[in-house]
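Please look over the model shown here. The report below covers its salt bridges, cores, strands and selected residues.

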Protein chains: 2
Amino acid sequence: MTAQPDQNPAQADRIIISVDAMGGDNGPAAVVAGIAKSADKNPEIGFILHGPEAELRELVAKRTILNDRVLYRNTTDVVTMKDKPRDVMRNGKGTSMWSALESMSNGEAAGVVSCGNTGALMALSVIRLRKLPGVNRPAIAILFPSRNPQGFTLMLDAGADIRADERDLLQYALMGASYARNGLELSHPRVGLLNVGTEEHKGRSELKDAHGLIAGFAEQANFEFVGFVEGSDIPGKVADVIVTDGFTGNVAIKTGEGTARLIASLLREAFKYSFLSRLASVLAITSMGRLKKRIDPRRVNGGVFLGLNGTVIKSHGSADATGVSAAVKLAFQLAKTGFSEKLAARVASTVELAQDAPEPPDDTAEQQEEEKGQA
Amino acid sequence: MTAQPDQNPAQADRIIISVDAMGGDNGPAAVVAGIAKSADKNPEIGFILHGPEAELRELVAKRTILNDRVLYRNTTDVVTMKDKPRDVMRNGKGTSMWSALESMSNGEAAGVVSCGNTGALMALSVIRLRKLPGVNRPAIAILFPSRNPQGFTLMLDAGADIRADERDLLQYALMGASYARNGLELSHPRVGLLNVGTEEHKGRSELKDAHGLIAGFAEQANFEFVGFVEGSDIPGKVADVIVTDGFTGNVAIKTGEGTARLIASLLREAFKYSFLSRLASVLAITSMGRLKKRIDPRRVNGGVFLGLNGTVIKSHGSADATGVSAAVKLAFQLAKTGFSEKLAARVASTVELAQDAPEPPDDTAEQQEEEKGQA
């Protein structure tokens with residue numbers, strides 16, 4: 001999809017990304033700096049910016065690279081980080097977030113980027129874009145630094161929904177594998193199901209059921225199912241895609257991020273300790289720079305909402321220009337590969353089969369007994 | 001409790017720790033090396049070793065520090081990491097693990113240490129030691145490196161049970177706070193409840209109910225309730241004790257551990273990159289050593305089983321001498337402070353009140369709707 005020619009002829013051959021300029025911790029200045037960065041690197045991108053037009057025009061005017069590449073949708077309301085999704089769903093029509101989604105649902109843009117409130121963005125996305133047929137719970141997919149050759153593991157759901165049953169987990173596996181093929185260029189991704197152990201008798205009953213369902217679709221959906229994986233495999237190398245419910249996924253990535261921050265701060269302390277260690281730290285600057293770049297969350301900024309009619313990228317609330325630019329790049333890539341359409345086709349081709357699959361058996365007393373104390 | 005005088009007079013004034021010599025990845029040699037280390041540091045500890053007696057006697061004979069400080073219980077069976085807890089419960093009577101627990105339940109020892117299969121150890125512990133009155137699900141508490149002044153956050157349940165309802169989470173809060181007072185010398189520990197956000201409207205319904213229950217007991221049980229915390233707070237500094245179900249807890253700590261290992265390996269790579277970085281790494285050795293010591297899991301090796309009549313320490317399966325020694329030290333400390341008895345009293349004093357607490361309301365449709373998409 002490209003911009004409607006009557007709005008801005010210069011945009012006609014560009015892929016248009018709809019950007020919510022408000023709601024991030026660093027305000028619209030960081031967002032405009034980010035899109036300027038993207039515009040500089042990639043002549044194929046154009047933008048629709050949503051927020052207070054006068055303020056945005058002023059910020060854009062300072063970046064000559066953005067000349068003729070930005071359309072505006074003036075909005076006055078902003079979704080804050082404190083707003084409850086339920087309230088935003090009721091009263092959010094005047095917000096920049098709503099407007100940003102509107103530009104995709106009406107065909108003006110091929111992708112949406114927002115740094116705002118995750119819960120509100122997901123809630124509004126479901127209203128404005130609708131779920132793909134066959135998808136019960138959309139998911140947020142994130143990239144976590146790992147030992148995989150590509151440097152990352154794709155993890156979903158990172159927190160769109162606090163629950164997931166075995167059918168949802170199957171959908172996550174299908175969507176995650178499809179994203180890995182289109183977004184990460186992995187032709188035959190390895191998919192793992194997060195559990196407290198790799199033995200097949202372990203874990204909650206819905207995980208055992210999901211294990212069977214996902215295994216049954218692996219060949220048809222062109223991925224390798226590696227079975228149960230553990231938390232340590234998220235930064236590991238046994239799976240390209242790891243599937244879990246949004247509660248567990250959210251806690252896991254936040255624990256991993258917190259651990260990385262703890263180590264970074266302890267490293268700084270360690271290097272301050274003595275003259276020799278301060279000298280070492282000077283010599284180590286480039287090494288540390290390489291390491292930092294390798295695990296810099298800004299490089300892979302952006303959770304992708306999967307399971308909707310269209311591509312929505314949730315950028316970190318604290319994203320700076322680099323982070324916003326990475327999110328825009330991701331939205332562009334996915335739009336260019338036609339990911340959204342491919343995913344819809346993939347889910348549609350399997351949903352019928354999934355619905356025909358035998359119902360998972362009810363928990364028996366024996367299963368429940370077995371589950372206790374085995375984690 | 002001390003050893004029965006008729007068995008070994010030299011042990012009479014020592015605190016006896018019952019040690020399962022088998023089932024760890026490094027075999028009985030690592031276990032014997034570990035208890036020798038503990039014996040060397042602490043003249044007040046004595047041991048009962050469980051396993052093939054002839055083999056153990058040979059290993060012990062090489063360590064003069066262990067002269068007269070070890071009793072033996074000959075066993076021939078071993079619980080392996082592959083064994084299912086259910087099978088061990090049925091057929092485990094001849095194992096070193098069973099025997100190690102037996103020595104505590106019959107009063108010979110004041111604490112148990114095992115490097116073996118966690119699920120089996122918990123299952124046998126529940127059979128041999130019984131749960132404390134008022135405790136529904138025992139929990140495993142672990143120490144995770146953090147920014148707290150004491151250097152660690154106590155987290156439970158780390159994987160004893162894959163489920164926990166609001167009453168269980170209350171018990172975890174009480175047990176965790178009691179352990180923090182006795183094991184970590186924190187007189188008024190800060191307790192947090194793990195969730196996907198800190199706002200009170202977020203998360204699963206049992207978490208909202210647990211929030212109310214725990215808040216209601218904080219004053220009486222002498223801890224500060226800091227409310228909901230997130231995964232990033234496990235390595236953080238807002239809470240001394242973090243409470244969650246064993247599924248989430250297990251995934252969280254494994255993700256954190258995996259992240260730490262990833263960073264360590266990337267650091268090694270970064271320092272190999274060029275001549276300058278190799279030079280820096282030589283100068284940084286002591287700094288790195290300090291950092292490594294700070295977050296070395298072996299220093300705080302040992303998950304503590306809480307909610308049983310007696311102290312059981314689960315050491316890492318891969319524990320070496322340092323790890324085993326740390327687990328023995330923890331068992332000794334907890335025995336010496338009379339932790340087990342204090343915990344029993346604490347739980348007993350609150351269980352009646354908890355039972356009198358009003359039943360949490362059923363989920364309403366509105367609550368369920370609110371929970372969706374808010375993570």
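**A buried pair across two chains**

B:Arg204 is buried, at 9% relative accessibility (buried means under 20% relative accessible area, exposed over 50%, partly exposed in between, with a 1.4 Å probe and protein chains only). A:Asp245 is also buried, at 9%. B:Arg204 forms a salt bridge with A:Asp245, with the closest N and O atoms 3.3 Å apart (a salt bridge is a side-chain nitrogen of Lys or Arg within 4 Å of a carboxyl oxygen of Asp or Glu). B:Arg204 sits in the loop between strand E7 (190-194) and helix H7 (205-217) of chain B, and A:Asp245 in the loop between strand E9 (241-243) and helix H8 (246-272) of chain A, so the pair joins two chains. Helices (H or I, at least four residues) and strands (E, at least two) are DSSP runs numbered from the N terminus.

**Basis of the model**

This is a predicted model: local features need pLDDT of at least 70, side-chain atom pairs count only at pLDDT 80 or more, and totals for chains, interfaces and linings use all residues. Residues are numbered from 1 along each chain as its sequence is written, chains are lettered from A and ligands numbered from 1 in the order in which they are written, and side-chain values use heavy atoms, leaving out hydrogens and water.

**Other salt bridges**

Over all chains, the count comes to 18 salt bridges. One of them pairs A:Lys336 with A:Glu44, the closest N and O atoms being 2.7 Å apart. A:Lys336 lies in helix H11 (residues 321-336) of chain A and A:Glu44 in the loop between helix H1 (27-41) and strand E2 (45-51), so this pair ties together parts 292 residues apart in sequence. A:Lys336 is partly exposed at 48%. A:Glu44 is partly exposed at 34%.

B:Glu108 forms a salt bridge with B:Arg73, with closest N and O atoms 2.5 Å apart. B:Glu108 is in the loop between helix H4 (96-105) and E4 of chain B, while B:Arg73 is in strand E3 (residues 70-74), 35 residues apart. B:Glu108 is buried at 5%, whereas B:Arg73 is partly exposed at 21%. Salt bridges with shared partners also join A:Arg137, A:Asp161 and A:Asp168 into one network.

**Nonpolar cores**

The largest nonpolar core has 103 residues, and B:Phe47, B:Leu49 and B:Phe223 have the most contacts inside it (a core is a set of buried Ala, Val, Leu, Ile, Met, Phe, Trp, Tyr and Cys residues joined through side-chain atoms within 4.5 Å). Helix H6 (residues 166-183) of chain B gives the most to this core, with nine residues. A second, separate core of 102 residues includes A:Leu306, A:Val312, A:Leu334 and B:Ile162.

**Strand E4 of chain B**

Both faces of strand E4 (residues 111-114) of chain B are covered. B:Gly111 and B:Val113 on one side are buried, as are B:Val112 and B:Ser114 on the other. Four bridges join E4(B) to strand E1 (residues 15-20) in parallel (strands pair if DSSP finds at least two bridges between them). Three bridges join E4(B) to strand E11 (residues 312-314), also parallel. B:Val113 stands opposite B:Val19, and its bridge partner in E11(B) is B:Ile313.

**Two buried threonines**

B:Thr259 lies in helix H8 (residues 246-271) of chain B and is buried at 4%. Beyond four places in sequence, B:Thr259 touches A:Phe144, A:Pro235, A:Gly256, A:Thr259 and A:Ala260 (contact means heavy atoms within 4.5 Å). A:Thr75 is in the loop between strand E3 (70-74) and helix H3 (85-91) of chain A. A:Thr75 is buried at 8%.
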